[in-house]
Amino acid sequence: MSATRAEIAVVAMAEVFRGDGEIVVSPMGLLPQLGAKLARLTFEPDLLMSDGEAYLVTTDGVVEGWQPFRKMLDTIVPHGRRHVVMGANQIDRYGNQNISAIGDHARPKKQLLGVRGAPGNTVNHRTSYWVPRHSARVFVDTVDVVSGVGYDNAAKAGPSAEKFHDVYRVVTNLGVFDFGGPEHAMRAVSLHPGVTADEVAAATTFEIDFGGAGTSREPTDDELRLIREVVDPKSLRDKEVPA
């Protein structure tokens, strides 16, 4: 196989944005950024990429638009016209995410980022997650703090929370997952080449349905060229996802 595991993950991350069209994407983290750039340079040229602060930028970082927070919060975020990719310290079988604290909330063992924008992201527009190290510490039965809202909690909150709720994909160094199982439980969409279901199961505390899982696709020759020469010529991807 000519592509590395990191390059497979970049392509898998790019595929998360397939079909989004002209929508604001906010890819948080290195691999999500590389995937979004690759998608825009290939099959999703109309993506509007955020720099995470105040501007829309090209794949080269050139400013092509202004996105003041008030306009974003008034016209984009609450109407499903955004796709954000966040990280996760914990994720459960229904897509609840924790980036706030580990342990009891009143006396946590470890304080993390706080919930930040995760609740608003998950109930207002499509949200995906990137996890560079798939492990049982991340994929847990129950998250310690609900930061990003999963399908079970969105249902409890009612129609207003469910209107644009769409926890779409989880991409890890082992595979791609969605929440198309019974009662929106996590299931495997594809495993990266060389990864087995047993390997994923051993790194996950809850059961995952592998019945329909395929193999994550490898980059085309043109995508490999873009990854290696254009979007990540310094090979930073290999530090995040070692071969």
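**From values to terms**

Analyst: E183 is exposed, with a relative accessible area of 67%. The model is a predicted one.

User: What makes E183 exposed?

Analyst: The cut-off for exposed is over 50% relative accessible area. E183 has 67%, so E183 is exposed. E183 is found in the loop between β12 (175-178) and β13 (187-191). Its phi is near 55°, a positive value in a residue other than glycine.

User: Why is S235 called partly exposed?

Analyst: Buried requires under 20% and exposed requires over 50%. S235 has a relative accessible area of 27%, which is in between, so S235 is partly exposed. S235 belongs to the loop between α8 and α9. Although it is not a glycine, S235 has a positive phi of about 60°.

User: Why does G175 count as buried?

Analyst: The relative accessibility of G175 is 0%. Buried means under 20%, so G175 counts as buried. G175 is found in strand β12. Not counting residues up to four places away in sequence, G175 touches V170, S190, L191 and H192. In sequence, G175 and A12 are 163 residues apart, while their C-alpha atoms are 8.2 Å apart in space.

User: How do you know that V230 is partly exposed?

Analyst: V230 has a relative accessible area of 39%. That value lies between the 20% and 50% cut-offs, so V230 is partly exposed. V230 lies in helix α8, residues 221-231. Leaving aside neighbours within four places in sequence, V230 is in contact with L41 and R225. The C-alpha atoms of V230 and L34 are separated by 9.9 Å, and these two residues are 196 apart along the chain.

User: Which residues of α8 are buried, and what puts them on the same side of the helix?

Analyst: The buried residues of α8 are E223, L224, L226, I227 and V231. They cover an arc of only 160° around the axis, so they are on the same side of α8. The face turned away from that buried side carries the exposed residues D221 and E229. Among the elements that cover the buried residues of α8 are α1 (5-15), α2 and α9 (237-240).

User: Why is α1 described as largely enclosed by the rest of the structure?

Analyst: Of the 11 residues of α1, 9 are buried, so α1 is largely enclosed by the rest of the structure. The buried residues are A6, E7, I8, A9, V10, V11, A12, M13 and A14.

User: Which members of the largest nonpolar core touch the most other members?

Analyst: The largest nonpolar core has 28 residues, of which F17, L38, W130 and V171 touch the most other members. At least two residues of this core come from each of α1, α2, β11 (166-172) and α8. The largest share, 7 residues, comes from α1. Not counting residues up to four places away in sequence, V171 touches A9, A12, M13, V16, Y129, W130, V131 and V176. There is also a second, separate core of 24 residues, which includes V84, A88, Y151 and M186.

User: What is the volume of the largest pocket, and how does its lining divide by class?

Analyst: The largest pocket has a volume of about 430 Å³. Its lining has 8 nonpolar, 10 polar and 4 charged residues. Of the 22 lining residues, S26, S50, G52, E53 and R82 lie nearest the centre. β1 (24-27), α2 (30-41), β2 (48-50), α3 (69-76) and α4 (118-124) each supply at least two residues of the lining. α3 gives the most, with 3 residues.

User: What is the volume of the second largest pocket, and which residues are closest to its centre?

Analyst: The second largest pocket has a volume of about 290 Å³. It is lined by 14 residues, and M28, M86, I99, R116 and G117 are the closest to its centre. β5 (82-86) and α4 each supply at least two residues of this lining. By class, the lining residues are 7 nonpolar, 5 polar and 2 charged.

Key: Residues are numbered from 1 along each chain as its sequence is written. This is a predicted model: local features need pLDDT of at least 70, side-chain atom pairs count only at pLDDT 80 or more; totals for chains, interfaces and linings use all residues. Side-chain values use heavy atoms; hydrogens and water are left out. On a 1 Å grid over the protein atoms alone, a cavity is a set of points where a 1.4 Å probe fits but cannot get out, and a pocket is an open set with protein on both sides within 12 Å along at least five of seven lines; lining residues have an atom within 4 Å of a point. Grid points are joined across faces, edges and corners, and a volume is the space filled by probe spheres set on the points. Helices (H or I, at least four residues) and strands (E, at least two) are DSSP runs, numbered from the N terminus. Ala, Val, Leu, Ile, Met, Phe, Trp, Tyr, Cys and Pro count as nonpolar, Asp, Glu, Lys and Arg as charged, and the others, Gly among them, as polar. Buried means under 20% relative accessible area, exposed over 50%, partly exposed in between (1.4 Å probe, protein chains only). Contact means heavy atoms within 4.5 Å. The arc is that of the directions from the helix axis to the C-beta atoms. A nonpolar core is a set of buried Ala, Val, Leu, Ile, Met, Phe, Trp, Tyr and Cys residues joined through side-chain atoms within 4.5 Å.
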